[in-house]
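Please view the sequence and structure below before reading on.

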Amino acid sequence: MPRNTGTPENPPPEARNAKDARDAKDAALDAFRAPDPDGPLTTDQGVRVDDTDNSLTAGYRGPTLLEDFHLREKLTRFDHERIPERVVHARGAGAYGFFEPYESLAEFTCADFLQEPGRRTPVFVRFSTVQGPRGSADTVRDVRGFATKFYTRHGNYDLVGNNMPVFFIQDAVKFPDFVHAVKPEPPNEIPTGASAHDTFWDFCSLQPESTHMLMWLMSDRAIPRSYRMMQGFGVHTFRLVDADGRGTFVKFHWRPLLGVCSQVWDEAQLTAGRDPDFHRRDLWEAIAGGDFPEYELGVQLIPEKDEFAFPFDLLDPTKLVPEELVPVRPVGRMVLDRNPQNFFAETEQVAFHTANVVPGIDFTNDPLLQGRNFSYLDTQLIRLGGPNFAQLPVNRPLAEVRNNQRDGYGQQTVHPGTSYAPNSVGGGCPATLGGGRLAEGVFEYYQQRIDGTAIRHRSPSFADHYSQAALFWHSMADWEQQHIVEAFAFELGKVADREVRRRTVGNLVHVSPGLAAEVARRVGVPEPAPEPGTGDEPGSAGQEPRVSPALSQENLRGSGIRTRRVAVLAAPGVDGAQVRAAHDRLAARGAVVETLAAQDGHVPAADGGQLPVDRALPTTASVLYDALVLPDGGEEVLPSDPDAVRFLTEALRHGKPVAVLGTGVELARAAGLGTSPAPAGVAVHPSGEPVGPSFWEDFAGLVEHHRFPAR
């Protein structure tokens with residue numbers, strides 16, 4: 001498919017200049033932006049205020065007077081300036097941008113924003129964690145929300161997904177139970193932003209349908225390096241509908257241009273302490289610096305005649321469609337190029353809803369999706385104070401709104417005329433456009449025959465809970481499997497109830513007896529006996545593949561080192577030419593290179609120059625960087641500096657690329673790193689030899705690889 005996206009080191013002109021462009025949504029927000037304060041302070045009623053630093057009192061030391069209306073208004077507004085946080089996905093960050101298709105998809109859908117190649121549709125994207133409150137850390141082990149609001153010409157379309165393609169439950173009636181279980185425990189409100197506790201694992205051990213999602217949650221997908229290096233999925237099977245009413249099943253995928261990269265668990269925990277806003281800050285700084293995050297939208301298209309052609313049910317949200325069965329077709333790209341101006345007004349008040357669809361996109365009978373279509377709207381009514389939340393600037397569609405829905409909390413419009421239909425007096429009666437062939441932009445529900453007996457039973461086609469969990473496990477690289485084992489051991493090690501541990505391991509034996517045995521050994525419960533016929537092979541026959549390479553992050557790395565953060569450790573006497581070369585050579589490829597030293601200011605170089613210091617070592621940490629350079633010189637200081645030794649030790653433990661030049665080997669030895677031969681991911685350059693461009697090219701290749709977990 002055509003992709004005018006440039007390279008990671010050389011983004012396309014439209015991405016570099018998008019900061020200077022104005023899309024329709026940005027212009028529409030102008031009407032709601034407050035002007036810069038110019039003139040005297042006033043009350044909400046426009047009355048000018050003489051003093052906002054002192055309350056009205058009876059004398060210098062007397063009581064405060066109730067008649068001070070400015071004091072009462074100021075405190076009242078402050079007391080009421082917060083709204084309830086989201087029950088789930090409370091912690092998040094957002095950005096504006098645009099989506100443009102590569103080609104017309106009119107063959108499959110009449111959705112307006114997918115018709116014309118290159119036509120840009122404004123979007124707002126919110127990334128989030130699920131479990132923790134607004135004050136929790138970004139880098140906890142959790143599912144990440146990936147919700148996109150398209151401001152199309154035919155209304156708002158919300159693609160409300162996650163960074164994992166499946167979910168914990170099959171039916172929305174279990175969603176309150178799942179959330180109650182994963183949230184902090186009722187007696188003590190512990191733990192915050194974590195799933196490592198009894199109630200969550202008790203629930204999952206009693207719900208085998210959660211097993212596939214648990215494999216994703218225990219993988220490194222649950223601790224992404226950044227929102228910019230994270231996949232997104234629509235989770236459910238939706239339906240595209242063309243202009244003639246023909247339907248096609250569809251699965252939505254977002255793929256980051258920078259590749260899919262994660263932290264390791266120890267690194268994620270340390271990052272939470274060093275910078276709990278790590279992901280939020282990363283997104284903001286990348287956009288502010290012009291390194292606009294870019295994602296490719298892909299679709300898996302399944303003809304309706306093939307609905308039952310798979311060894312799983314397309315309506316089961318605990319299942320994915322392996323790419324070996326249905327390839328992902330790239331259909332467009334999304335670029336995030338503008339930060340919000342007010343976090344509360346935009347990122348906090350944005351309201352997503354799975355039922356916000358436009359003509360050309362419709363639902364399926366996925367029972368989890370059906371419940372979400374009710375729940376999201378119901379949630380916004382209480383969280384945003386009433387039915388008029390769509391009038392908030394960030395939620396307002398670009399399409400014109402005309403209906404008879406009036407009044408209510410937060411109404412921003414003065415409506416004339418009548419408010420009922422049909423009517424023949426007073427005007428104000430917008431007409432519907434049904435009957436016959438619909439006009440462009442009119443939504444009509446997909447027509448399908450529905451009949452059956454009202455029952456409370458799960459479809460038998462939803463009964464396989466383990467085959468795709470096994471597919472995921474066997475698709476992982478060795479290091480990914482090792483991380484999954486360690487994650488299960490950590491999480492279950494926090495569970496006090498040993499019966500819950502035993503039940504969980506009993507479910508894992510259906511995924512892999514080897515996995516179950518190793519986790520059982522680590523958490524101190526008996527190793528479960530494999531059931532007859534269970535082996536370390538995926539448990540599904542038929543068309544499903546034995547492994548799916550697209551599931552492994554080993555195969556999802558991006559190209560280039562754009563926005564990777566590289567630290568250069570410097571001390572008095574450092575080789576200034578090497579420090580400058582590291583900055584010049586790596587920054588030219590798009591990396592963010594910073595010189596770190598024992599203190600701020602400048603550090604004297606061996607050539608007599610003064611090198612600027614970007615950050616002092618005591619104020620930062622290895623976990624905030626992707627790679628490390630140890631230049632020649634400074635051997636009298638760095639090996640004895642505990643901050644420098646700890647910095648390198650952590651970088652090595654977390655598998656990060658390291659460049660060791662000349663006497664930098666002394667710091668390497670102090671951190672326990674042997675350089676002969678050099679371990680994987682470590683580039684060594686001996687003293688006394690010139691450092692040519694090829695060394696930096698080789699090191700850039702190591703940085704591009706991201707991590708060396710087998711080191």
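## The loop between H4 and H5

Glu189 lies in the loop between H4 and H5. The model is a predicted one, and in it Glu189 shows a positive phi of about 55° although this residue is not a glycine. Is Glu189 buried or exposed? Its relative accessible area is 54%, so Glu189 counts as exposed.

Pro191 is found in the loop that runs between helix H4 (175-182) and helix H5 (198-205). The peptide bond joining Ile190 and Pro191 is cis, with omega about 0°.

A positive phi also occurs at His706, where the angle is about 80° although His706 is not a glycine. His706 is located in the segment after helix H18 (693-705). With a relative accessible area of 6%, His706 is buried.

## A buried glutamate

Glu491 belongs to helix H12, which covers residues 478-493. Glu491 is buried yet has no salt bridge. Which side chain of opposite charge is nearest to Glu491, and how far away is it? That side chain is Arg141, at 4.1 Å.

The side chain of Glu491 does have a polar partner: a polar contact of 2.9 Å joins it to the side chain of Ser195. When neighbours within four places in sequence are left aside, the residues in contact with Glu491 are Arg141, Ser195, Ala196, Trp201 and Met218.

## Salt bridges

Side chains of opposite charge can pair when their charged atoms come close. How many salt bridges does a search of the whole structure find? The search finds 50. One of them links Arg119 with Asp112, whose closest N and O atoms are 3.3 Å apart. Both partners are buried: Arg119 has a relative accessible area of 17%, and Asp112 has one of 5%.

Glu518 and Arg522 form another salt bridge, with closest N and O atoms 2.8 Å apart. These two residues lie in helix H14 (residues 513-523) and are four residues apart, about one turn of the helix. Glu518 is partly exposed at 23% relative accessible area, and Arg522 is partly exposed at 36%.

A further salt bridge, 3.2 Å from N to O, brings together the side chains of Arg580 and Asp607. Arg580 is in helix H15 (residues 576-587), while Asp607 is in the loop between strand S13 (601-604) and strand S14 (610-613), so this pair ties together parts that are 27 residues apart in sequence. Arg580 is partly exposed, at 36% relative accessibility. Salt bridges also link Arg22, Asp23, Asp26, Asp30, Arg33 and Arg338 in a network.

## Pockets and cavities

The largest pocket holds about 2200 Å³ of space. Strand S4 (155-162) and helix H10 (367-383) are the elements that give two or more residues to its lining. H10 provides the largest share, three residues. In total, 48 residues line this pocket, and those nearest its centre are Glu400, Val401, Arg402, Asn403 and Gln405.

Across the whole structure, a search finds ten cavities of 30 Å³ or more. The largest cavity contains about 200 Å³ of space. This cavity is lined by 19 residues, of which Pro165, Phe233, His253, Gln300 and Leu320 are the closest to its centre. Strand S7 (residues 247-256) contributes the largest share of the lining of the largest cavity, three residues.

Note on methods. Residues are numbered from 1 along each chain as its sequence is written. This is a predicted model: local features need pLDDT of at least 70, side-chain atom pairs count only at pLDDT 80 or more; totals for chains, interfaces and linings use all residues. Side-chain values use heavy atoms; hydrogens and water are left out. Buried means under 20% relative accessible area, exposed over 50%, partly exposed in between (1.4 Å probe, protein chains only). Lys and Arg count as positive and Asp and Glu as negative; His and the chain ends are not counted. A salt bridge is a side-chain nitrogen of Lys or Arg within 4 Å of a carboxyl oxygen of Asp or Glu. A polar contact is a pair of N or O atoms within 3.5 Å; within protein, one must be able to donate a hydrogen and the other to accept it, and residues adjacent in sequence count only if both atoms are side-chain atoms. Contact means heavy atoms within 4.5 Å. On a 1 Å grid over the protein atoms alone, a cavity is a set of points where a 1.4 Å probe fits but cannot get out, and a pocket is an open set with protein on both sides within 12 Å along at least five of seven lines; lining residues have an atom within 4 Å of a point. Grid points are joined across faces, edges and corners, and a volume is the space filled by probe spheres set on the points.
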